[in-house]
Amino acid sequence: MLNRIPALLMPLLLLGMYLGEVIIRNLGGKWVATERLADEIASSAGGAPFLIELLDGRICNPIQRIFHLMKAVPDADLVRFYELVSLPAELAPGQWRPRR
């Protein structure tokens with residue numbers, strides 16, 4: 001799958017994967033595959049074939065967060081992203097609460 005990703009996008013994908021590993025190692029969770037193909041990374045510049053499911057059931061997308069950061073999306077602050085992910089589920093804002 002990784003050999004189909006354009007070379008210019010590979011560093012962003014790897015940074016997102018690194019951020020994901022930091023989250024998993026510090027907060028717990030696991031990578032989960034989505035139905036998206038690696039080709040969508042190139043077309044949507046942030047669609048990711050993997051997400052993180054936290055121990056409390058919440059889902060986060062560190063790969064997409066890196067793409068947003070590179071596109072200068074206003075809410076792409078990585079420190080704030082980590083803070084939101086690390087909040088207990090009951091204190092997290094709506095979009096960060098577990099899906100039921």
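Student: What order do the elements of the chain run in, from the N terminus on?
Tutor: They go α-β-α-β-β-α-α. Helices here are DSSP runs of H or I with at least four residues, strands are runs of E with at least two, and both are numbered from the N terminus.

Student: How many helices and strands is that?
Tutor: The chain has four helices and three strands. Keep in mind that this is a predicted model, where local features need pLDDT of at least 70 and side-chain atom pairs count only at pLDDT 80 or more, while totals for chains, interfaces and linings use all residues. Residues are numbered from 1 along each chain as its sequence is written, and side-chain values use heavy atoms, with hydrogens and water left out.

Student: OK, helix packing. How do α1 and α3 cross?
Tutor: Helix α1 (residues 10–27) and helix α3 (residues 62–70) have axes that come within 7 Å and cross at roughly 130°. The axes are lines fitted to C-alpha atoms over the stretch in contact, and angles run from 0 to 180 degrees between N-to-C directions. So α1 is oblique to α3; under 35 degrees would count as roughly parallel, over 145 as roughly antiparallel, 65 to 115 as roughly perpendicular, and the rest is oblique.

Student: Is that crossing left-handed or right-handed?
Tutor: The crossing of α1 and α3 is right-handed, as the near helix is turned clockwise from the far one by less than a right angle.

Student: Which residues of α1 and α3 meet?
Tutor: From α1 you get Leu12, Leu13, Leu15, Gly16, Met17, Leu19, Gly20 and Ile23, and they meet Pro62, Ile63, Ile66, Phe67 and Met70 in α3. Contact means heavy atoms within 4.5 Å. By class, the residues of this contact are 11 nonpolar, two polar and no charged. Ala, Val, Leu, Ile, Met, Phe, Trp, Tyr, Cys and Pro count as nonpolar, Asp, Glu, Lys and Arg as charged, and the others, Gly among them, as polar.

Student: And α1 with α4, what's the angle there?
Tutor: α1 and helix α4 (residues 78–86) pack at about 35°, with their axes 11 Å apart. Leu19, Val22, Ile23, Asn26 and Leu27 of α1 make the contact with Leu78, Phe81, Tyr82, Val85 and Ser86 of α4. That contact has eight nonpolar, two polar and no charged residues. The crossing of α1 and α4 is right-handed.

Student: Back to α3. Which residues in it are buried?
Tutor: Pro62, Ile63, Arg65, Ile66 and Phe67. Buried means under 20% relative accessible area with a 1.4 Å probe, protein chains only.

Student: Why does Pro62 count as buried?
Tutor: Because its relative accessibility is 0%. Leaving aside neighbours within four places in sequence, Pro62 is in contact with Gly16, Leu19, Gly20, Ile23, Trp31, Ile52 and Phe81. Its C-alpha is 9.3 Å from that of Glu21, 41 residues apart along the chain.

Student: What about Leu12, what does it touch?
Tutor: Not counting residues up to four places away in sequence, Leu12 touches Ile66, Phe67 and Met70. Leu12 and Met70 are 58 residues apart in sequence and 8.3 Å apart in space, C-alpha to C-alpha. Leu12 counts as buried because its relative accessibility is 15%.

Student: What follows α3?
Tutor: Ala72, with a positive phi near 60°.

Student: Last one, whole chain. How much of it is buried?
Tutor: Buried residues are 36% of the 100 residues in the chain. Among contacts with a separation of 6 or more, residues 24 or more positions apart account for 52%.

Note on methods:
Buried < 20%, exposed > 50% of the residue type's maximum accessible area, 1.4 Å probe, protein only.
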